[in-house]
Amino acid sequence: GSYTPAAALEAQTVIAELGNLPSLRQAATRTRMPALVVVQKYADVISDLLVLENETAQGASDATLSQSVRVLGLVSLMKEEASEQRAILAAGLITHSLSPDQLTSLTNAESLQRSNLQSFKLSATPAQRQLWNDSISRSFVYLASSEELQAISLQNASPASTQALAGDPTSPDDWYGIMTNEIDYQLGGVEHHLATSVTDRASALRQSAATSAIAIGGAVLLFLALALLFTALVARSMVRPLRRLRAGALE
């Protein structure tokens, strides 16, 4: 009820999509649905979840909280784009080839990830950028990027071949493992840290608002009590002379 109308509508969309997850999982594992279609269907759900995340922060008046949510959203987007690359290229390495649509989706996801990284660097605070740099130094991001460029180059060298990736020394398991390190530990670690900072900030603001409300309520009650006391004193000061006047008149 406290969400904006846009956020409430997006929440209803997400609830409906999450309800369809069992059937999507079944189609992904028990049918011959193309890998790229599966990736896109999951991407649509995750995209709406990220939109909801952003919408929930629209009513926040605190600049620090809004900035943290925006940066968190950028990291979550990069994580999703990395996950798409992991799935698309893993499927290509299994079949030894990337279709034109797969290749386009792979390069688009990689390009969007780079673009969001630039936005992150522009929006992040020095502490957030340091957190990112520290996570990079402990990951295999450089290796994943090298293997992805290698696969794209091989496919571009023989675009019509159905075995363009047959000579790629990277196995599907190797690629999946390297990207999982980037997604779960590098990007996931930064995402978790930022999410924690968002919830901590929101909790602190909520506590501060509650304390302010109590203080203001107490001040209002005190003011009313003083007003009642002042009114009573004024009334007594007026009643006494009137009583004496009445008594004098009767006498």
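Mentor: Gladly, and let us begin at the surface: I216, V220, L221, F223 and L224 form a nonpolar patch there, with about 530 Å² of accessible area together. Keep in mind that this is a predicted model, where local features need pLDDT of at least 70, side-chain atom pairs count only at pLDDT 80 or more, and totals for chains, interfaces and linings use all residues. Residues are numbered from 1 along each chain as its sequence is written, and side-chain values use heavy atoms, with hydrogens and water left out.

Trainee: What makes a group of residues a patch?

Mentor: Members need over 30% relative accessible area and no salt bridge; nonpolar side chains (Val, Leu, Ile, Met, Phe, Trp, Tyr) are joined within 5 Å, like charges within 9 Å. The areas come from the Shrake-Rupley method with a 1.4 Å probe, and for residues only the protein chains shown count as cover.

Trainee: Why is L221 called exposed?

Mentor: Its relative accessible area is 59%. Exposed means over 50%, buried under 20%, and partly exposed in between (1.4 Å probe, protein chains only). L221 is therefore exposed. L221 lies in helix α8, residues 172–250. Helices here are DSSP runs (H or I, at least four residues; strands are E, at least two), numbered from the N terminus.

Trainee: What makes α1 roughly antiparallel to α3?

Mentor: In general, two packed helices are described by the angle between their axes and the distance between the axes. The axes of helix α1 (residues 5–19) and helix α3 (residues 35–55) come within 9 Å and cross at roughly 150 degrees. That angle makes α1 roughly antiparallel to α3, because angles over 145 degrees count as roughly antiparallel, under 35 as roughly parallel, 65 to 115 as roughly perpendicular and the rest as oblique. The axes are lines fitted to C-alpha atoms, for helices over the stretch in contact, with angles running from 0 to 180 degrees between N-to-C directions.

Trainee: What is the handedness of the crossing of α1 and α3?

Mentor: The crossing is left-handed. That term applies if the near helix is turned anticlockwise from the far one by less than a right angle; clockwise would be right-handed.

Trainee: How do you know that R201 forms a salt bridge with D62?

Mentor: The closest N and O atoms are 2.8 Å apart. A salt bridge needs a side-chain nitrogen of Lys or Arg within 4 Å of a carboxyl oxygen of Asp or Glu, so the pair qualifies. This pair links distant parts of the chain, 139 residues apart: R201 is in helix α8 and D62 is in the loop between α3 and α4 (63–95). R201 counts as partly exposed at 31% relative accessibility, whereas D62 counts as buried at 16%.

Trainee: How many salt bridges does the structure hold?

Mentor: Three. Another joins the side chains of K79 and E191, at 2.7 Å from N to O.

Trainee: Why is E191 called buried?

Mentor: Its relative accessible area is 19%, so E191 falls under the cut-off for buried. K79, with 23%, is partly exposed. There is also R114 with E110, whose closest N and O atoms are 2.8 Å apart. Both lie in helix α5 (residues 100–123), four residues apart, about one turn of the helix. R114 is partly exposed, at 48%.

Trainee: What makes W175 buried?

Mentor: A relative accessible area of 1%.

Trainee: Why does H96 count as partly exposed?

Mentor: H96 has 31% relative accessibility, so the value sits between the buried and exposed cut-offs. H96 lies in the loop between α4 and α5, and its phi is near 65 degrees, a positive value in a residue other than glycine. Most residues other than glycine have a negative phi.

Trainee: And T29, why is that residue exposed?

Mentor: At 62% relative accessibility, T29 counts as exposed. T29 lies in helix α2, residues 21–30.
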